[in-house]
Amino acid sequence: MNDVPQALRASVALRIAAGLFLAVWCVVAAFPLVWTAAMSFRAPVDALSANPLTVLLAPATLRLVGGVSVLDLVFGLVGIWLGWRGATRGLPALAARVPAVPGVVLWPGLAIGFSFAAGFGLFVLLPVLSDLVGQGLRMLPLLGLLAEPVIGFTGEHYRAVWIKQEFYRNFLNSMLVTVGVVTISLSVGTLAGYALARSQSRIAFWLLVAALVFRAMPHSVLTSGYVPFFLSSREILAPLWEWAATGWFFQLFSDRPPLLYGQPAAIIIVLVSINQPFTIWMLRSFFQNIPQELDEAARVDGCSHFEAFWRAIMPVMWPGVITTGLFSFLLAYNDYLVTALLLDAQSMTMVPAITQFLNRDIRLSDQMEAIAAAVSITAPLFVLVLVFQRQIVAGLTQGAVKG
Amino acid sequence: MRLKTLLMFTAPSAVLMLVFIFVPLISVAVQSLFSTTLVREQVKVETCTPGFLAQVCTTAERSQVVLRADGKPVTRTVFTGLDSYRSVLEVEKLAAAFASGGQGWTAVAGLDFWRALRFTLTFTFITLPLVVGLGMLIALAVNNMLRSVRGPLVFISLLPFIVTPVIGALSIRWLFVGDGILTALLRATIDPSISMFAQGWTIELLMLVYRVWHVAPFAFIVFYAGLQTVDQDTLESAVIDGASRFERLRFVVIPHLMPLIVFVALIHMMDAYRVFEEVVGFAAEAHVISLQWLTFNFLTPDFTGNRSISRASASSMLTMVGIVLLLIPLLVRVWRDHKPRS
């Protein structure tokens with residue numbers, strides 16, 4: 001049960017202090033997010049109240065819109081608990097049962113499938129179930145009270161954001177950009193990281209030093225380089241299309257040079273490049289921890305370097321790749337500066353799009369929509385960490401943190 | 001591994017970094033020395049109104065943008081040397097501030113670049129020890145807990161790190177803005193007239209709190225992973241030698257984690273120096289701005305649709321010089337650790 005040797009065990013006082021400290025930290029860590037989520041389901045009068053009890057119980061929302069009953073709450077809590085168990089226990093077990101599929105396909109597939117299943121269960125199945133049970137309970141005396149609404153609850157802000165303000169467009173743009181960034185960044189990065197881990201060459205060393213300096217460059221510096229080029233890419237790239245030697249090639253793709261401003265594809269390449277330094281450093285330290293004998297054996301058997309990488313290294317590299325991929329995901333998904341400057345209203349991702357709700361902060365409902373949008377942006381990240389937290393810790397322990 | 005293989009494997013990554021990081025840096029350096037403006041011309045416009053007996057005519061000179069045949073404005077790029085730097089640094093106002101009769105530092109605090117620099121540097125150096133310290137404390141505490149509760153603890157601790165920076169800043173702002181519940185709490189306990197967004201220093205305090213809240217989990221997860229690899233035998237022999245808990249931490253655990261501490265410090269300095277999302281999330285631009293925000297603001301089109309590219313480039317170059325200077329000590333250390341052994 002307790003794996004720490006007797007002599008190394010902490011004194012009771014120290015353990016109580018550590019427990020208290022962690023309790024305080026957990027409250028501090030989760031409170032702003034939990035509170036924002038609670039606010040997003042209330043009518044503005046309740047959500048923006050200075051009294052925390054009003055925010056939690058939402059009497060005005062209950063009067064005006066309706067609410068949830070004790071029964072709904074119980075169902076909700078059970079649902080959340082099941083989701084938690086499913087993500088932390090069920091998914092890894094499921095993943096272990098289908099080892100034939102490579103992790104890079106398996107894990108994202110599982111995560112997406114799980115999100116849909118959880119969303120369906122939580123927002124469609126549970127309310128219907130709870131309603132049915134409630135109908136039954138109402139016929140009984142006393143127990144019927146359990147089915148009466150007690151806490152105010154409304155989903156109207158989400159409806160306004162996702163349907164009226166068409167936030168789903170921004171969601172799709174975000175998905176496009178993040179999926180693009182993660183796949184390209186990992187395919188390019190694993191090759192480079194592997195080679196850098198196995199090479200003793202001076203060039204490899206200089207490449208790593210250069211990457212470290214590039215990692216330090218603030219994104220605004222790079223973006224000031226991109227903006228003029230992106231805005232007038234038609235004129236700047238024109239020679240490539242007009243010159244006979246290269247023109248035939250580029251004209252296969254389009255008749256004239258593209259305007260890069262507002263192109264998700266251009267943003268993907270930019271974010272991949274910005275992310276490369278961190279990716280190759282991290283993957284390099286993972287590959288250094290994979291024994292060199294593995295690919296040497298493959299080489300002796302007559303594989304080329306690439307075949308050795310493909311057959312001997314690929315099957316064992318997934319923990320590191322998943323951890324690195326998660327960092328790439330966070331960078332692409334969370335970016336504000338680059339996307340705000342280089343994308344137009346059509347192709348805007350979710351994070352820069354939220355400022356449109358903030359800047360129109362005139363009516364109370366505008367602020368509520370901003371809050372609902374913020375929660376919508378956070379929810380996918382929440383699921384992601386729920387599913388991948390074991391891989392993150394395992395991945396970091398395996399390598400990246402050797403400095 | 002032969003050189004050719006190395007080059008083949010690293011080529012895609014190296015080309016991307018060359019084209020999208022190195023080339024933009026060069027082009028920013030060049031842009032900062034030139035200025036592109038719309039060509040304007042003076043046009044005499046005669047407007048006549050019918051009057052009694054004769055028309056009344058007035059001629060006025062107006063300046064208007066010259067258009068090309070295809071309707072786009074003609075632009076002219078001229079070499080301006082260090083003019084954009086001078087305009088970003090506001091050299092004249094700086095000189096006036098320190099001339100006799102000037103207001104000295106109080107006047108400097110009103111100049112955009114200098115207040116951005118002041119905030120960015122204090123922000124970086126105040127958050128650095130707090131992030132490393134808090135991350136270490138959480139890692140040690142979680143590591144002392146029973147294995148069964150560690151999973152949920154790690155999950156909750158990671159939340160502030162994964163949340164989108166702008167959203168994290170907003171979620172803290174909503175607790176304090178207007179009659180937010182935490183402002184209400186402060187008013188009830190400390191001072192009934194507190195308002196967190198009315199003056200610069202309280203906003204700055206919130207920004208510091210937000211950043212430590214956001215990054216400490218990253219330090220925690222790295223240190224926690226490192227703690228899993230501490231050699232148990234060394235710890236036990238330290239116990240036999242009579243080392244107290246604190247001495248074991250000081251002489252066994254911390255030295256083992258030292259490369260990780262340098263790693264976290266390096267990453268955190270790079271990231272804290274580019275503080276930006278806080279300014280957006282807390283809507284702080286009237287009181288506190290950062291260097292990245294300054295460049296961002298130059299790049300954002302103003303109400304006539306112009307972007308001041310050359311000033312943005314100049315402030316970018318200054319920002320870049322700053323981070324390189326800051327990182328030199330840490331870079332030298334990394335250099336020594338990773339130098340090829342040939």
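The second largest cavity in this predicted model is lined by residues of both chains: Leu326(A), Phe327(A), Leu330(A) and Ile392(A) on one side of the list, and Leu158(B), Phe161(B), Ile162(B) and Ile221(B) on the other. Its lining has 8 nonpolar residues, with no polar and no charged ones. The space in the second largest cavity comes to about 50 Å³.

A search of the whole structure finds 2 cavities of 30 Å³ or more. The largest cavity has a volume of about 720 Å³. It is lined by 27 residues, and the closest to its centre are Arg215(A), His219(A), Leu331(A), Asp271(B) and Arg274(B). By class, this lining holds 16 nonpolar, 5 polar and 6 charged residues. Among the helices that each supply at least two lining residues are helix 9 (202-216) and helix 16 (318-334) of chain A, as well as helix 11 (245-273) of chain B.

Two of the residues closest to the centre of the largest cavity, Arg215(A) and Asp271(B), also form a salt bridge, with their closest N and O atoms 3.3 Å apart. The count between chain A and chain B is 1 salt bridge. Across the interface there are also 12 residue pairs in polar contact. On the side of chain A that touches chain B, helix 1 (residues 12-40) gives the largest share, 17 residues. That side divides into 79 nonpolar, 23 polar and 9 charged residues.

Taken as a whole, the interface brings 111 residues of chain A into contact with 103 residues of chain B. The two chains bury about 9,300 Å² between them, 79% of it on carbon and sulfur atoms.

Definitions and conventions:
Residues are numbered from 1 along each chain as its sequence is written. Chains are lettered from A and ligands numbered from 1 in the order in which they are written. This is a predicted model: local features need pLDDT of at least 70, side-chain atom pairs count only at pLDDT 80 or more; totals for chains, interfaces and linings use all residues. Side-chain values use heavy atoms; hydrogens and water are left out. On a 1 Å grid over the protein atoms alone, a cavity is a set of points where a 1.4 Å probe fits but cannot get out, and a pocket is an open set with protein on both sides within 12 Å along at least five of seven lines; lining residues have an atom within 4 Å of a point. Grid points are joined across faces, edges and corners, and a volume is the space filled by probe spheres set on the points. Helices (H or I, at least four residues) and strands (E, at least two) are DSSP runs, numbered from the N terminus. Ala, Val, Leu, Ile, Met, Phe, Trp, Tyr, Cys and Pro count as nonpolar, Asp, Glu, Lys and Arg as charged, and the others, Gly among them, as polar. Contact means heavy atoms within 4.5 Å. Buried area is the accessible area (1.4 Å probe) that two parts lose on being put together, summed over both. A salt bridge is a side-chain nitrogen of Lys or Arg within 4 Å of a carboxyl oxygen of Asp or Glu. A polar contact is a pair of N or O atoms within 3.5 Å; within protein, one must be able to donate a hydrogen and the other to accept it, and residues adjacent in sequence count only if both atoms are side-chain atoms.
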